[in-house]
Amino acid sequence: MVNITINHLETSVPEGTTILEAAREIGVHIPTLCHLDLPDIKMVNRVGTCRVCMVEVEGKWNLTPACSTAVTPGMVIHTDTLRAIRARRTVVELLLSNHPRECLTCERNGTCELQSLAAELGIREIKFKGPRIHTEKDTTSYSIVRNAEKCVLCRRCETMCNEVQTVGVYSAVHRGFDCLIGTAFDLPMLETSCTCCGQCVSVCPTAALTETDDSAEVWEAIANPDLYVVAQTAPAVRVTLGEEFGLPVGTQVTGKMTAALRKMGFDKVLDTDFAADLTIMEEASEFIHRMKHGGRLPILTSCCPAWVKFIEHQFPDLLDIPSTCKSPHEMFGAIAKTYLARKLGVDPAKMVVVSIMPCLAKKFEARREELSGHEVGSNVDYVLSTRELARMIREAGIHFNALPEEDFDGVMGESSGASAIFGTTGGVIEAVVRTAACWLDPENPNPQIDFQQLRGIEGIREACVEFAGQKFCVAIAHGLGNARKLLTDIQEGKAQYDAIEIMACPSGCVGGGGQPYHGNNMEVLTQRACAVYNEDKGKSVRRSHENKEVLALYKEFLGEPYGEKAHELLHTRYQKRDQI
Amino acid sequence: MSEKAAQVRIALRNCGVIDPENISDYIATDGYEALAKALFSMTPDEVIETVKKSGLRGRGGAGFPTGIKWETARKSQSDVKYVLCNADEGDPGAFMDRSLLEGDPHCILEAMALCGYAIGAQEGIIYVRAEYPLAVKHLQLAIRQAEALGLLGDNILGGDFSFHLSLYFGAGAFVCGEETSLMNSVQGGRGEPRIKPPFPAVSGLWNAPTNINNVETYANIPQIIRNGWEWFRQFGTEKSPGTKVFALAGRVNNVGLVEVPMGTPLRTIIEDIGGGIQGGRRCKAVQTGGPSGGCIPAEHLDTPIDYESLAGLGSMMGSGGMIVMDEGDCMVGIAKFYLTFTAEESCGKCTPCRIGNRRLLEMLTRITEGEGRMKDLDELDILGNIIKDTALCGLGMSSPNPAISTLRFFRDEYEAHVRDKRCPAGTCKKLVGYKILEDKCMGCTVCARNCPVSCISGARKKVHVIDQKRCVKCGVCHSKCPFDAIARG
């Protein structure tokens, strides 16, 4: 333990504690901006670039950054002296002097950390009058908009992308006042190895990185009387949307969300969960098929489009191991524009499928060539993130919290508990296992439903499940850095698994790049995951292959799972991409 | 005192004396004797103790005691350690390290091997500017020659100690002279500083304990080991023993490298060694420490040069740049010149250096263009000091020095720019105008013929006139007029 004094208060903290951590322990607040520690996902951004957390340490001639300085024995620290306060204010004023200051029209108005910091420090005037840096907005990506003018160079995106996700899109470029976070060779985002996971957006303190906004096009479609607009909502959206309206984290708002979508004018409000059950039918079939016919194992889940793009860029030699199943919302689109359109008597060309997703990578996925092609055009026309949906609900003047609980429409609205858990890490593989256990052991009167060994928050988990007298080795990774470790082990032949689930975002889709800002609190993700498991528990049907609407779909339209029609509509292919 | 008498050559002892391309020349002047002495008659601790007792301090910037650095690196437990040489000499007009590398490369090699032995490292890297081709050539040659004679490489001089040296080329970024930026650069990363602590001696290159010194610091080592710390301490002062090499430049008659014992007054360097100011004009100030140093006014010329006294005057030793200015130099313009350099060379990592220096520069620019307000002078001082207080690395911590020190010692000049819209030295173009004095002009046409923009008109033997709208204020007419008929004001 190290004895120190902060603002005349004596305290004792473990060795290696930073001044900031020690101060927080005893309730002394030091403002910060660039600093971000997310130990759950091993993200440490202690780069000390913003210089907001400067404090006075006795015996040192200059000020000390509290976020990145470890305490030393006998250290005497002052956080509230005129010198420290003045320095902090000046640093924030300098940042603001190079910032567009268009808060009223900014995407992050109300959620911007720089804005709150300026408010907290009571900045009323910016003494420095010089010009600002001018750059072009990069709007090439289908998922992420980069506006370097609003960047404060906190380097969080860089740490997230390079160290946590190991994708390496961002780096500081240029010198001095012209320094900004850029891409390799100044390439447009679309041409980089960006997986579109959107985790950089999740940790960006300002609007330097935001999601692309597709809400205007969706409003247009809804307003067009010639179009039939279908909404589908992902499993992880219903447990987070409430946060945007001040409800406690983990509140399940499925009914209100459905009501809101109807009020907004969608012609049908349906459920991606239905398609998640459909995915399991296909993926479990594919798994059993590969097992029985000596196919390549492990099988990798393919629900996460950021992860799929990651393997295409980073491990092109492993493209034969992911399942060929489309992700659930893409399956939904393919079925909606064929089966559903026929049932409703709607011209598929006039049908618009809007996916409401926790994800930014789904926006990119929807534009993939191989996911349009057949007679219906794109499977999915627009993808909205949870944040965009919340904005649209507010824009429409809907009092969300006062809405009644409503149900999804039929035909593609029913879902099992297995589909609900798609929203969190380990959920997809558990859903596969639930169904595979029944199919491989049809005589078992009481097959297992809950596979606790597959749940948890560790970045890489391994577990064995046993059924039908067989042992299956399963691995789960969330976060692309963890995925890379797992894939490298497979590539080098160090690991043998039967099935692997990978999600690009921390904790899976509950931590998706399009979710409400978690405020740098990873506990939020755990609470969202809890809500997902509670939803599963409350369902009467908890296995995908028991979903009646799904069974009807096969009977009426698709035929056999993993059969010819299913292949045509529900499976896809992957392509090698460059590593830049 | 004569030019020679004031100088003592320790670091530069071989420069210009031996053939740097021939290792025999170096050996003939007792080269590699220190290494042999250390390897076969001293323990690593004894080597460190000698360096510590010598009182040698870093010659590259802040003057940290070299022996303590070495001791910390020795105490850091690790299988792999590195010895780095900072040869990224970046101060404009400074070429101390270049001369050493070009003129006496083996001396640096020997010192780094000594350091490797002392701290327990087997690998050394010299980070040298690619813009120093001769230095690179001589270093490469020297390494090959030393390896051939068993003075570098495996089992040096047949003993147990092995030490390998290689070069790494810097691409000209000033900030890479900052030790942690330099290490990032060697690792293939962007040249920008890391947070300290941990210091390089604990976690440096590739996170291994690393000792990094600059060229001139190393140049002193072989002689300290060979002659003993007592010998070294006979030069210089109690707190700053030894000598310092300066790149003397500016308005003095003799410019070039000088090496003097620490504690030598500035006046000795300027008047005795530098031969006084050109054209018999008066010295106005001396800028030391490179672009991050400060300007010391002429009334402090008797200050003995050491780390503490320079810092006390708001300047620094730095790597040894020394620029002498006279009445013709505008101190606001000088501050602006240096800040232009540092603002451009800032890596941009931390807010105060990235944005603060730019804003400081804008204030100075406004002042030199006659658009400053009296309030700006206080704000300049406040912002400058906050940048020093909050910047991440040595570059930002010192970049406001030229502005702060000139404001401190030459406030009247600043006020003249702001209040009277006048540049006393007559160099700030926006504040200067030229006018032909009717009573003095003889109509000789010299001014009109020399004006580069042909804005002076007038017939032969008639009074000439300057077209103020087209005048670019270059001052050529003023300097060429044989009758002092052109007034500046």
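This is a predicted model: local features need pLDDT of at least 70, side-chain atom pairs count only at pLDDT 80 or more; totals for chains, interfaces and linings use all residues.
**Figure 1. Overall dimensions of chain A.** Chain A contains 18 helices and 19 strands. Along the principal axes, its C-alpha atoms fill a box of roughly 80 × 55 × 45 Å. The radius of gyration of chain A is 25 Å, which agrees with the value near 25 Å that a compact globule of 580 residues would have. Of the 580 residues in chain A, 52% are buried. Among contacts in chain A with a separation of 6 or more, 74% come from residues 24 or more positions apart.

**Figure 2. An open sheet of five strands in chain A.** The strand order of this chain A sheet is S2-S1-S7-S5-S6, and the pairing is mixed. Strand S2 (9-13) and strand S6 (64-65) of chain A are the edge strands, each pairing on one side only. Strand S1 (residues 2-6) and strand S7 (residues 76-78) of chain A run parallel and are joined by two bridges. In this part of the sheet, A:Thr5 stands opposite A:Val76 in S7(A). Strands of a sheet pair through backbone hydrogen bonds, either parallel or antiparallel.

**Figure 3. A helix lying across the sheet of chain A.** Helix H2 (residues 82-97) of chain A lies across strand S5 (54-57) and S7 of chain A. Relative to S5(A), helix H2 of chain A runs at about 155 degrees. Both S5 and S7 belong to the five-stranded open sheet of chain A.

**Figure 4. Surroundings of A:Thr572.** A:Thr572 is located in the segment after helix H18 (564-570) of chain A. It counts as buried because 22 C-beta neighbours lie inside 10 Å, where 20 or more are required. Leaving aside residues up to four places away in sequence, A:Thr572 touches A:Thr324, A:Lys326, A:Glu370 and A:Leu371. A:Thr139 is 433 residues from A:Thr572 in sequence, and their C-alpha atoms are 27 Å apart in space.

**Figure 5. Two cis peptide bonds, one in chain A and one in chain B.** In chain A, the peptide bond from A:Leu297 to A:Pro298 is cis, with omega near 5 degrees. A:Pro298 is in the loop between helix H8 (272-292) and strand S14 (299-300) of chain A. In chain B, the cis peptide bond runs from B:Pro197 to B:Pro198, with omega near 5 degrees. The loop that holds B:Pro198 lies between helix H8 (179-186) and strand S4 (210-214) of chain B.

Figure 6. A:Leu153 is a residue other than glycine, and its phi is positive, near 55 degrees. The loop containing A:Leu153 lies between strand S8 (144-146) and helix H4 (156-164) of chain A. With 24 other C-beta atoms within 10 Å, A:Leu153 is buried. B:Lys421 is not a glycine either, and has a positive phi of about 50 degrees. B:Lys421 sits in the loop between H18 and strand S10 (434-436) of chain B. It counts as partly exposed, with 14 C-beta neighbours inside 10 Å.

**Figure 7. Domains of chain B.** The domain assignment divides chain B into domain 1 (23-233), domain 2 (243-326), domain 3 (331-419) and domain 4 (433-488). Taken over C-alpha atoms, the centres of domain 3 and domain 4 of chain B are separated by 36 Å.

**Figure 8. Helix H17 of chain B and its packing.** Helix H17 (residues 401-409) of chain B is mostly covered, with eight of its nine residues buried. The buried residues are B:Asn401, B:Pro402, B:Ala403, B:Ile404, B:Ser405, B:Thr406, B:Leu407 and B:Phe409. The buried residues of H17(B) pack against several helices, namely H13, H14, H15, helix H16 (394-398) and helix H18 (411-419) of chain B, and also against strand S8 (294-297) of chain B.

**Figure 9. The side of chain B that touches chain A.** Here 27 residues of chain B are in contact with 25 residues of chain A. On the chain B side, the elements giving two or more residues are helix H13 (331-345), helix H14 (351-368) and helix H15 (374-390). H14(B) gives the most, with eight residues. By class, this side of chain B has ten nonpolar, five polar and twelve charged residues.

Key: Residues are numbered from 1 along each chain as its sequence is written. Chains are lettered from A and ligands numbered from 1 in the order in which they are written. Domain bounds come from an automatic or database domain assignment. Two residues are in contact if their C-beta atoms, placed from the backbone, lie within 7 Å. Helices (H or I, at least four residues) and strands (E, at least two) are DSSP runs, numbered from the N terminus. Ala, Val, Leu, Ile, Met, Phe, Trp, Tyr, Cys and Pro count as nonpolar, Asp, Glu, Lys and Arg as charged, and the others, Gly among them, as polar. Two strands pair if DSSP finds at least two bridges between them. Axes are lines fitted to C-alpha atoms, for helices over the stretch in contact, and angles run from 0 to 180 degrees between N-to-C directions. The radius of gyration is taken over C-alpha atoms; the globule rule is 2.2 Å times the number of residues to the power 0.38. A residue is buried if 20 or more other C-beta atoms lie within 10 Å of its own, exposed if 12 or fewer, and partly exposed in between; C-beta atoms are placed from the backbone.
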